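Notebook open, structure loaded. I want to look at the ligand site, then at a sheet.

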Amino acid sequence: MKKLKVLILAAEATPFAKVGGLADIAVALPRALRAVDVDARLLIPRYGNIRSEDYDFHRVGRPIPVPIGPNESRVHLLETTLQEDLPTYLIWHDKYVSSCREIYGFNNDPQRFTFFSRAVIEVLKTLDWKPDVIHAHDWHTAPVVAWLNFYGRHDPFYRDIATLYTIHNLAYQGLAGRLLLPFARMKELPHLPVEPPGKVSWMAQGIAHADLVNTVSPTYAREILAPEAGMGLEQLLVERAERLSGVLNGIDTELWNPDTDAALPQPFNAETLSMRSVNKAALQRESGLQARKNVPLLGVVSRLDRFKGLDILFPALRQLLDGKELQVVILGTGESEYETRLRDLQEQFPAQVRVFIKFDERLARRMYGGIDLFLMPSLFEACGLSQMIAMRYGAVPVVRATGGLVDTVLDLDAQPQHGTGFTFASFEAAALEKAITRALALYSQPQRWVALQQRGMKMNFSWESSARTYVDLYRRALAIHR
Ligand code: GLC
């Protein structure tokens, strides 16, 4: 069979620009695809913080005109190789792409990413490499999918390019007034019944126009067909259900390996698990907590937003900290309301709680390798990566049974032989508290606890099988497209 050519489009990619798990997937997926003989490449925006001094990229070709509103504006294309093997393109445009040092959070985000997407269309024609499939991730790159299906089908160059659209987070839809459409020369794009009057939802357009749609876990793929998780798009998703599937994300098991992790004071594996306590003691000291071996150390590593379940985390922790001997370390940044509430928690329990309000991957690694329990009480979770990393690093997860958390963590009481953690169903502080209490009860039985840790460490969360599933999806998308 001919080697498949796949172009991955995303708004984030590690190490250039990262807010959440999408950045890791955008790089780990094409790397895994290349390992199964797909010519996968990556294309991302070049934000203002991505400096040429830090990366070895070169400019390709001449500036490329992008039609925009009644005019046109030129972008530059840069090229580099990520992690020794992955060809990566970056689009540079002073006004809409590269003036911002942050990825999201500007009033004109829809305009910025619509421009970026529109530029992708033009850039495709200038590359000496043409993808068979465009694999677009989340709403930021959905305009490419919509354009290809609605306009591209009339152009012989674009006509045969198939599309796969992946949903990572349905809560963010790229909603904007329809005036954005003439800006992108897409004013004929039909309004969808699920879109609010006068608005365009790029998330909806991506779902409606892609040859195939997927999300990042089988459970989330089912959940979004119903109102709560569907976020207003459930009707459209139900209509497209035959084209929708769930493919579980993997983690890069080389990058996340407790046996070789240079950030850990003491590397370890499932056979040398007793050495892990060195990391716990170091983390306790680093956090200004008493270095006590037998006091359970709970940890949270999270973006601080509502969907991560912080509203039930605070009351549950307060309840537990009050009576029991335990310690909590929390690392994250995000909404200022939650940052304040975290500081309050630390103030209320200074001897037991330490919060780090920042993004710090090395500290995250020391946490995964040192904490006993990893808490992830998400309201929604398309997949979630940190629970898999936690397990690989010997931290036992306590998670809400939602989305990808269902597909990756098995409750010990439900499955005594195979369980890898503790899950709870209802989104309530009391339910979380109960799950943590179950975990703490097991923690006081060292033998069973170690067996639980080892089972988690031995889970296979590698990309290999998911990469093959994606290859099947690409081939199916091509067949449908023809
Ligand atoms: C988003 C989702 C998260 C998923 C990640 C990567 O951040 O919220 O659940 O793991 O994308 O797919």
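This is a predicted model: local features need pLDDT of at least 70, side-chain atom pairs count only at pLDDT 80 or more; totals for chains, interfaces and linings use all residues.

I checked the side chain of R303: one of its polar atoms sits 3.5 Å from an oxygen atom of the ligand. Next I looked up the burial: the ligand on its own exposes 310 Å², and the protein buries 93% of that.

Who makes up the shell? I count 13 residues around the ligand, with H168, N249, E381, C383 and G384 the closest. By class I noted six nonpolar, five polar and two charged residues. Both domain 1 (5-250 + 463-481) and domain 2 (270-457) supply at least three residues each to this shell.

Then the sheet. I traced nine strands in an open, mixed sheet, ordered β3-β4-β5-β2-β1-β6-β7-β10-β11. The edges are β3 (58-68) and β11 (244-246); each has a single partner strand, so one side of each has no neighbour in the sheet. Ignoring direction, neighbouring strands are turned by 25° against each other on average.

Last, I zoomed in on one pair. β7 (residues 162-167) runs parallel to β10 (residues 212-215), and four bridges join them. Which residue of β10 is the bridge partner of T166? I found N214 there.

Definitions and conventions:
Residues are numbered from 1 along each chain as its sequence is written. Side-chain values use heavy atoms; hydrogens and water are left out. A residue is near a molecule or strand if one of its heavy atoms lies within 4 Å of it. A polar contact is a pair of N or O atoms within 3.5 Å; within protein, one must be able to donate a hydrogen and the other to accept it, and residues adjacent in sequence count only if both atoms are side-chain atoms. Accessible areas come from the Shrake-Rupley method with a 1.4 Å probe; for residues, only the protein chains shown count as cover. Ala, Val, Leu, Ile, Met, Phe, Trp, Tyr, Cys and Pro count as nonpolar, Asp, Glu, Lys and Arg as charged, and the others, Gly among them, as polar. Domain bounds come from an automatic or database domain assignment. Two strands pair if DSSP finds at least two bridges between them. Helices (H or I, at least four residues) and strands (E, at least two) are DSSP runs, numbered from the N terminus. Axes are lines fitted to C-alpha atoms, for helices over the stretch in contact, and angles run from 0 to 180 degrees between N-to-C directions.
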